[in-house]
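Please have a look at the structure while I talk.

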Amino acid sequence: MSGRKVRIWFNRSFAVGYHYMNAVRHNEDGMAFEIYGTHRDPEHVSLRACDHTEVEPVLTGEAYAAYCLDFCRRHQIEVFVPRWGMRYVVAAAASFAEMGVKLVCCTDMELLDEIEDKGNFFLSAEQNQLMVVPEYRLVNTADQFRQAYEELHELGLSVCFKPTRMEGGVGFRIIDPDYDALGALFDTVSPRISYEQAYAALSQAESFPELMVMELLEGHEYSIDCLASPQGELLAAVPRRKAGGRSRLLEEVPELLEIARKVAQFYKIPYNYNLQLIYQGNVPKALEINPRMSGGLHMTCLSGVNFPYLAVKMALGYKVDPQTPEYGLLTSYVEQPVLMQGQPAQ
């Protein structure tokens, strides 16, 4: 590897971005990077992993994409790993390519529309026999919500709902027939809600952003972290199971690895992405696909596969061979104190 430092930019991200930047910096090949980071919060912890930082302006849409292009131009960025506003960046992918900037993300907007919208993804996964999907209904009025709830309830299913275009559990609610409103006031905050409360809230508008009303899946929950070539060839897949509290088991589950293989072969998503499934009995059922690094990827990297770095390496044109993850590892994480002043805490 050349001793020249590659200029790489990570835009606004979650706190775990700190780990992914350091995974790139401390890579196994000794490739040198000069890391740029931006965020709206000048004291965001992820910026402590960077060599250079900047506060992002409050922009969306084409204006945000224009900011990103200008940032790359001003700092001669060679590799851009977008997190916030990824769709705005993807819409301007041709302009980044003209500048010679490598985007470490899926740049196929049609594919993003197919997999990021949970309704579109469920339909696609079911029609193409990629995986089993839960019983679900798509609604955007209170009457549709009532009908969907009654249909699923009559099937003997517990019911939950969530927006079709949100991530990270935002808007997720479980309809609890035994919901105790008074007891809830004296308990920890919970996603549980009564049907009556949900219906009353949704009835306040003639229509609302699309919701998916679906059966509540109550078995083991898995996130499958995947690494693929720019052409979508699957190079690594590691199922990560919630194992109680903060524990996550990196587990070799043949049927889940087969699902990951089928998904990779069909969608051809490049670089890092994540599949989420939950078992209902003995059947793993789909939740969603996230075409980006997952929030728990730093634990999956304990399998011996440096997911963030290998994606960047491929974006730079280097070949990466299929990986051999170590399975059977019980992992967890702890808070790490980080000095917020002085030199970057790398």
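This is a predicted model: local features need pLDDT of at least 70, side-chain atom pairs count only at pLDDT 80 or more; totals for chains, interfaces and linings use all residues.

Asp70 counts as partly exposed because its relative accessibility is 32%, where buried means under 20% relative accessible area, exposed over 50%, and partly exposed in between, with a 1.4 Å probe and protein chains only. Residues are numbered from 1 along each chain as its sequence is written, and side-chain values use heavy atoms, with hydrogens and water left out.

Asp70 forms a salt bridge with Arg74, the closest N and O atoms being 2.8 Å apart; by salt bridge I mean a side-chain nitrogen of Lys or Arg within 4 Å of a carboxyl oxygen of Asp or Glu. Because the two residues are 4 residues apart in helix H2, about one helical turn separates them, and helices (H or I, at least four residues) and strands (E, at least two) are DSSP runs, numbered from the N terminus.

Arg74 also meets the side chain of Glu54 in a salt bridge, at 3.0 Å from N to O. This second pair links distant parts of the chain, since Arg74 belongs to helix H2 (residues 61-75) and Glu54 to strand E3 (residues 52-55), 20 residues apart.

Elsewhere, Asp113 pairs with Arg165 in a salt bridge of 3.6 Å between the closest N and O atoms, and both belong to a network of salt bridges that also includes Arg87 and Arg292.
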